[in-house]
Amino acid sequence: MALRTIVFKTDDILRKKCKNVEIFDEKLGILLDDMAETMYKANGVGLAAPQVGILRRAVVVDVGEGLLELINPEIIKAKGSQRDVEGCLSCPNEWGYVVRPMEIVVKAQDRNGKNIQLKLKEFFARAVCHELDHLEGRLFIDIADEMVDPSELEEENNDNKKKGRKK
Ligand code: NI
């Protein structure tokens, strides 16, 4: 495993739409391993392939319930709504309120190409929605309805919680 470099919001690559993963080979496994390592090192809860400069539809998420890898993910059902603060590993020190579905059903493939389907709620659903936006070239700062001063978050929450919001 190796750490990859996370690209920042000024990089055009984050604005491009990603292509489907078609080949489920060792190279994909290495990418996913590296993405997970990079996400954990940065104290994030999610990372999408374009954030490490790869324009393919692959994301990793870990909101504290174990590592989830999603290849070619699609939201096939969404229900309810929730509004909370998000951050992004590609937008350091920026925080803002984003409305997301409360519950989603996501269809994807695993690293071997096997079809999977998951029902996710609350923060887990939020994290997956955030990562799927990256695959479309969309950042949370595009859809946040209110940006938050980082100093306000410091007062409100401990640092770990703040870090845990980064995707
Ligand atoms: Ni992000």
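Which strands does H2 lie across? H2 lies across S1, S2, S3, S6 and S7, running at about 155° to S2. This is a predicted model, where local features need pLDDT of at least 70, side-chain atom pairs count only at pLDDT 80 or more, and totals for chains, interfaces and linings use all residues. Residues are numbered from 1 along each chain as its sequence is written, and side-chain values use heavy atoms, with hydrogens and water left out.

**The nickel site**
- Four residues coordinate the nickel ion at 1.9 to 2.3 Å: Cys88 (SG), His130 (NE2), His134 (NE2) and Lys167 (O) (donors are N, O and S atoms within 2.8 Å of the metal, or 3.2 Å for Na, K and Ca).
- Cys88 sits in strand S4 (residues 82–88) and His130 in helix H2 (residues 122–135), so the pair ties together parts 42 residues apart in sequence (DSSP runs: helices are H or I, at least four residues; strands are E, at least two).
- Cys88 and His130 are both buried (under 20% relative accessible area, with a 1.4 Å probe and protein chains only).

**The sheet**
- Five strands make an open sheet, in the order S1-S2-S3-S6-S7 with antiparallel pairing (two strands pair if DSSP finds at least two bridges between them).
- Strands S1 (46–48) and S7 (115–121) are at the edges with a single partner strand each, so one side of each has no neighbour in the sheet.
- Strand S6 (residues 103–109) and S7 run antiparallel, joined by seven bridges; Ala108 has Ile116 in S7 as its bridge partner.

Notes: Buried < 20%, exposed > 50% of the residue type's maximum accessible area, 1.4 Å probe, protein only. Contact = heavy atoms within 4.5 Å. Axes fitted to C-alpha atoms, helices over the stretch in contact; angles between N-to-C directions.
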